[in-house]
Amino acid sequence: MISKKILYLTTDLLFLNTVKAGGSAVQESHLSILMKLGYQIKVVLINCEKFSNSAPKLFKDTQTFFYNGVYFSVDEVQLYRTDNSELSFLERISKMIFNPTDYYYNFVNKVNYSFLDAYFNKMEFSFIWAQWFYAGLLAASHKEKQKVFYVHHDWQYKLVDFKKEKGLKTKILKFSKKRIEEKLTRDVAAVVCVSSTDAYYLNAKGINSLYLTTTYNKTNIELLKPKEKPSLVHLGSLNATANRVGLKNFILNSWEDVKKEIPDICLEIVGELSVEDQELTALLQNDKNIILHKFVENLNTVLRPLDIHIIPWDKDTGTRTRLALTLQYKQCLVARKEGVANAKEIVQNVNALLSDSWPSYTNDIVNLYNNRTLRDTIAANSFKTYTENFTHESQLKNVASFIKENS
């Protein structure tokens with residue numbers, strides 16, 4: 001393939017963080033695929049934590065990072081933020097109705113549009129790859145919209161349901177965010193989804209969408225041996241909503257029943273503890289059957305084949321990035337059905353056991369723990385699923401074809 005230069009627009013260099021969140025895995029996955037397809041990648045970081053008081057600013061090559069044998073230079077852009085505080089009540093209502101994007105995301109404005117257009121036009125690139133929501137909003141403002149591929153992680157309006165505050169203000173916020181997000185998907189050339197259900201939804205609305213799994217390098221897992229007795233494993237930072245709420249619900253609704261059936265069972269928690277939910281932290285720290293590993297750089301030290309991996313989250317959001325690791329390490333997945341609905345590769349009784357209630361969830365864990373033959377079968381099928389769907393190489397043709405069709 002002839003090498004082409006593309007602009008990789010992101011609002012957070014998650015792939016530079018020591019503690020790698022789910023967004024980091026998506027970033028690394030997409031960088032790896034685009035590199036393997038022969039693209040020259042120019043990274044532009046939009047700093048949405050610090051804003052310019054007067055006008056947008058560009059700090060060239062303020063950072064470099066080394067990934068997969070390649071050094072990347074990063075241009076950091078600092079944007080101007082409009083001030084809504086001086087608007088009258090009627091002006092606020094008018095802006096909320098007729099320009100909700102500018103109202104709720106005040107770094108998306110005409111001043112920054114002009115600045116980014118001028119900056120992008122100085123560069124020759126085949127298309128913009130806009131990683132996540134904020135980057136998508138900014139990229140869609142570029143006049144050559146047909147060249148924007150927006151990477152959609154989660155529907156922000158759905159996350160409003162997890163806010164503690166309820167009432168009319170929250171309902172208006174959710175309605176407005178839905179308008180903004182659905183408009184964004186129409187304003188770009190195509191959408192890349194990390195969820196199969198989101199891609200199906202958008203394609204049904206006539207929006208060109210690709211379901212792209214979070215991919216990892218091919219791996220030789222044969223050197224890792226199963227333990228004599230399997231552990232339960234929960235992977236992922238508990239600062240993420242899906243991980244935190246899912247695990248807490250499991251502890252409150254299923255864990256005690258599991259321990260009654262298997263008194264010596266061990267639950268291993270891999271990932272940072274929650275800074276928001278001290279009640280959950282106390283529950284975990286005061287249980288002798290629970291081991292807290294916190295953040296682990298090398299997962300080979302804690303993840304073992306045939307362990308029982310739990311995903312107790314029961315909503316169609318989150319969980320996608322760690323799902324691939326479950327399969328990669330030949331672990332046996334027991335999940336709430338809704339929590340993995342966004343991954344079409346997960347099939348009941350083939351590479352996972354899926355439950356729609358807490359009693360059945362408990363039974364699945366106990367039965368799987370006591371059935372080595374079933375664990376062997378699910379583990380083998382899990383690794384096969386990983387190899388066929390969750391490696392960089394497995395997605396190259398899909399991505400190449402999708403880019404060609406939409407750029």
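Predicted model: local features only at pLDDT ≥ 70, side-chain atom pairs only at ≥ 80, totals over all residues.

Author: Residues are numbered from 1 along each chain as its sequence is written, and side-chain values use heavy atoms, without hydrogens and water.

Phe133 is buried, at a relative accessible area of 2%; buried means under 20% relative accessible area, exposed over 50% and partly exposed in between, with a 1.4 Å probe and protein chains only. Tyr134, at 24% relative accessibility, is partly exposed. Phe51, Tyr105, Phe107, Trp132, Phe133 and Tyr134 form one aromatic cluster.

Rings of Phe, Tyr and Trp (its six-membered ring) pair if their centres lie within 6.5 Å; planes under 30 degrees apart count as stacked, over 60 as edge-to-face and the rest as tilted. The count by this rule is 21 aromatic pairs. In one of them, Trp129 and Phe149 have ring centres 6.3 Å apart and planes at 20 degrees, so this pair is stacked. Trp129 belongs to strand E5 and Phe149 to strand E6 (residues 148–152), so the pair ties together parts 20 residues apart in sequence; strands (E, at least two residues) are DSSP runs, numbered from the N terminus. Trp129 is buried at 1% relative accessibility, and Phe149 is buried at 0%. The rings of Phe133 and Tyr134, with centres 6.0 Å apart and planes at 50 degrees, are tilted.

Methods. Helix = DSSP H or I, 4+ residues; strand = E, 2+ residues; numbered from the N terminus.
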